[in-house]
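Hi everyone, thanks for coming.

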Amino acid sequence: MTLFDVLSRQRRFVYLLVGLFSVAGVWAALRLPSAIYPELVFSRITIIAQGSTLGARQVVFSITRPLEEAVSVVPGVTRVRSHSIRGASEISITFAPRTDMTYALQLVRARVNQMTGALPPDVSVEVEQLTPSLFPVLSYNLEGGDPATLYDLARYEIKPLISRVPGVGRVDVQGSDVREIEVIVDPSRLVAQGMAYADVANAIRQAVTVQAVGRVAQDYRQYLIVTDQEAHAPEDIGAVVLGNGLRVRDVASVQVGTEDHVRIIAGDGKPAALINITRQIGGNALSLADSVERIVAALAPTLPAGVHLKPVYDQAALVRDAVRSVGDAMLIGAGLAVVVLLLFLRHGRITAISATAIPLTLAITVFVMSLIGQTFNLMTLGAMAIAIGLVIDDAVVITENIARHLALPGGRVHAIRAAVQELIWPVTTSTLTTVVVFLPLGLLQGVVGQFFAALATTLTVAVLVSLGLALTIIPLLAERFVTAHEVEAAQTGPLARVQRALDSLAPSYERALAAVLHRPRRIAAAAALLVVVGAGLWRFVGTGFLPEMDEGAFVLDYWTPGGTALDETNREVGIAERILAATPEITGTSRRTGAELGFFATAQNSGDIVARLTPPGQRARDIFAVMDEVRGRVAAAVPRLRIEFVQILSDVINDLAGAAKPVEIKLFGEQLDTLEAYARRLAPDLERIQGLEDLYNGVSEPSAELLMRVQQAEAERIGLTPTDVGTAVSAALLGVSAGEIRAGERSVAVRVRAPDSVRFDPLRLRSLPVQGSTARRVTPLGSLATFTPAESRLGFDRENQQQMITMTAGVSDRSLGGVMGDVQRVLAAHAAPAGVRLVLGGQYASQQEAFRALLLVLSLAVASVCAVMVVQFESFVEPLVVLLVAPVSFVGALGLLLVTGTALNVASFMGLILLVGLIVKNGIILLDFTRLRMQTERVALEVAIREAARVRLRPILMTTLCTLFGLLPLALGIGAGSELQRPLALAVIGGLALSTPITLFAVPTLLIAIRGRHYTLQETS
């Protein structure tokens, strides 16, 4: 009993099963989470230590080094990189691939907790595993009021509403002004009372602290005894008793103010509060954005007059556009494939039966995706779009063979049975060749491995589902709806002329094949010529890492010279904001100074601006042209402002992967002066490289400092140590925390400090009174310390506890590989000084690592395909002959990449790997029929292969054209997100278009040259 007989008997069960799985797929499609990328796990943990007032060099010794040494011993750590600036340190820890990051995070936190006591006081340490959920999917500007009011509205009214939305991870609010109760002490009154700033702060803190002091039972009730000292208004702070009948209001003024300015947040050039919303892992970006949008719409009428929320970044819009464009590509590709089928199969009914494989396969694939935890994202949707041309292949081959058998003498059921039985083994093995090429992808690690694992998994599921449908539901539908009449040629009309032309291809091909079968030297010469052409193309095709796409938003990172005052930085950045506002494609901006997008330690002279653009369909230029124009205008208007441009998603992925810039040159050595001198020597030649932009030479700019050196002998006279003097000065200038007041659900910090006239006037610094511990003597600070202006480095970078400087740059209008070739020539022309070690990093290092892994994957894919074919043909000759076509076919892929100006990147490399599985499918279809004729009719190899060529030409052309036209919409790169799949589609189209004639002519010729024209299977018995 054949497979078809079993299916025919249980046809109702097959219909039910396929129907249930298809309905389940539709149901899953309505509920599957949507995101821009697959859920990515990065083997990186970041530590941010901030709150200190130390200079960058002191931060290295007091904070960075102890933490580096503590975490370096955690198992699995491969790299520890740090960046130290004024008052903060950022330490990035990279782990070996496949490390259990949950456990690693616990170990890192444990080691950091052990070191907390050794760190300077007031240093707060945050430890986070880097994930995409740390970066926002939605950002809003709250505009139209004073900064403090906007911050309060965002923090206490808007944040709680958004936080409860399902799928929301974090809601971060940033503002320029945060309210604070200022206790501004009169220095002369304080000195007259013999008190210090810390004494006032301690008195306030002790007076307003709430305590639970006991419990008592009375009248059958349990009472908790709580001190009722809570402060609710500035007046409560002013009434605190200091002693000797004095209250705080007698020595200080108490008022509502704001914290010292260390950052500036602006929207569209005006004061704003910025609300960043992140997505939980596994959350649905589309439903999250819809829910937040409804909340924002409901909030609008309740906000104060003139205050409004404005969206500045919406990742969900990109997801929607990408889903829509991929859906359009799938529909167009499917439509083109159906047209090809109709031309070859001649009748609508049998064409419709073949075409049913597409929607059924996609529906069942979505159901399987939901079971294995996949989401709708650019990679899985792209895989489904790529699969359009592949999933129909098996159905095409089956239906074409059924149509051919129906035209032969015999009954209809017998014809369908024979057609299916004849193709079970070749269709299965040819599909398995597509599947096995993806098995070695498990060797890929990092971002590339996770990106393309989602694509490969979805594509594998789709082709396996299509195989099952081709062998089950397609024959049953043919039995039910197809008769011999449905495969008869049309007699009149345009379709008849097309069919006659197609029918004439087989005899023409047979005659052409006969002409070359006995001229293997010509075929070998043509193949050698193609190999030479391919070698030349390899030299000319540019190389890259991950494809870039137009995201509709970009980030302008900026730096003013080291030590620039916040107001001056604000002035210079304001010019850049006005240039952005005048750019017609930009609809809005949000700006941070002293803060950045993500989880970083940021100096006050740096920050970023996020710019949102109009949708691609509403602008004449792409995002790269807009960035280039803004770059030139800002550089001309504010030459002191160093700027870099990145797109948000690519910036996030590169930051998470630890390769933030395309070009990164790391210089290691003991002497920073030597490193900086070498970097300055390299910079002029690097700047002249075409395509290299936003070059930063890595030299940390000098930052102004006023060194206060305490004279220990003078301090001893009044009973103080240098540390005591420093603490007293810090209390006056920076203030001392004194608890908080609670008004409703809001808490406002209280800080005791000196007046601004004292704090911000360098001339009055020396006259600052310092209270001694001996007889409460008061001494001017100038008598205890000397002040010397100096300059120090703004920041220090280290990697694996070695100091380094990092030269970085971007790439524009040229491939990464081409730029790096010139960079390496410049480095070779300028030998590194003694004691300096040079390492290339960034995206180039990631690209080289990925290419090495992909070459291994490609080799293993070829071996896997060969193994499948050896099982089928029980010989090494046929597999080797078919596989010889693959490297020659790569010439077509490289040629199309070169013609279209597309780089050979990770995506196009994946196309080459997929191409291996697709190329051998045609060879299997051809040689399996050859073997079948040799077995059943005992004919010689040449006779069998010529008949196979004539019979199998039609299914080979049908499957090839269906694949090519199915990929065509992706290759055109139309719509959001299409840039990710375009290189893959181009590589497959170019390679498959060249491989088809090679398979049709070179494979038969080489096989006869090896086996001999009179070879028969009896010879092997």
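First, some housekeeping. What you see is a predicted model, so local features need pLDDT of at least 70 and side-chain atom pairs count only at pLDDT 80 or more, while totals for chains, interfaces and linings use all residues. Residues are numbered from 1 along each chain as its sequence is written, and side-chain values use heavy atoms, with hydrogens and water left out.

Okay, the overall picture. Taken along the principal axes, the C-alpha atoms fill a box of roughly 120 × 80 × 50 Å.

How much of the chain is buried? Of the 1021 residues, 55% are. Buried here means under 20% relative accessible area, exposed means over 50%, and partly exposed is in between, with a 1.4 Å probe and protein chains only. The chain exposes about 42500 Å², and carbon and sulfur atoms supply 57% of that. Those areas come from the Shrake-Rupley method with a 1.4 Å probe, and for residues only the protein chains shown count as cover.

Now contacts, meaning heavy atoms within 4.5 Å. Take the contacts with a separation of 6 or more: residues 24 or more positions apart account for 81% of them.

On charge, there are 88 positive and 90 negative side chains, and the centres of the two sets lie 7 Å apart. Lys and Arg count as positive, Asp and Glu as negative, and His and the chain ends are not counted. Each charge is placed at NZ of Lys, CZ of Arg, CG of Asp or CD of Glu.

How many disulfides does a search of the whole structure find? The count is 0, where a disulfide would be a pair of cysteine sulfur atoms within 2.5 Å.

Let's go to helix H21, residues 566-581. Its 16 residues should span 22 Å at 1.5 Å a residue, and the end C-alpha atoms are 22 Å apart, so that agrees. The expected span is 1.5 Å times one less than the number of residues. Its buried residues include Leu566, Val573, Gly574, Ile575 and Leu580. What do the buried residues of H21 pack against? Their partners are strands S13 (264-267), S16 (553-559), S17 (586-593) and S18 (606-613), plus helix H22 (623-637).

Next, a bit of backbone. Most residues other than glycine have a negative phi. Arginine 98, though, has a positive phi, near 65°. You'll find arginine 98 in the loop between strand S3 (88-95) and helix H4 (101-115), and it counts as exposed because its relative accessible area is 61%. Glutamate 874 has a positive phi too, near 55°. That glutamate 874 is in the loop between helix H31 (842-873) and helix H32 (877-883), and at 65% relative accessible area it is exposed.

Is aspartate 228 buried or exposed? At 69% relative accessibility, it counts as exposed, and its place is the loop between strand S9 (221-226) and helix H8 (234-238). Aspartate 152 is in helix H5, residues 147-163, and counts as buried because its relative accessibility is 8%. Leaving aside neighbours within four places in sequence, aspartate 152 is in contact with Glu157, Arg179 and Arg746.

Isoleucine 523 sits in helix H20, residues 520-540, and is buried at 16% relative accessibility. Which residues is isoleucine 523 in contact with, again leaving aside neighbours within four places? They are Ala1002 and Thr1005. Also, isoleucine 523 and arginine 631 are 108 residues apart in sequence and 53 Å apart in space, C-alpha to C-alpha.

And valine 338, in helix H11, residues 315-345, is partly exposed because its relative accessible area is 28%. Not counting residues up to four places away in sequence, valine 338 touches Thr351 and Ala355.

How values were computed:
Helix = DSSP H or I, 4+ residues; strand = E, 2+ residues; numbered from the N terminus.
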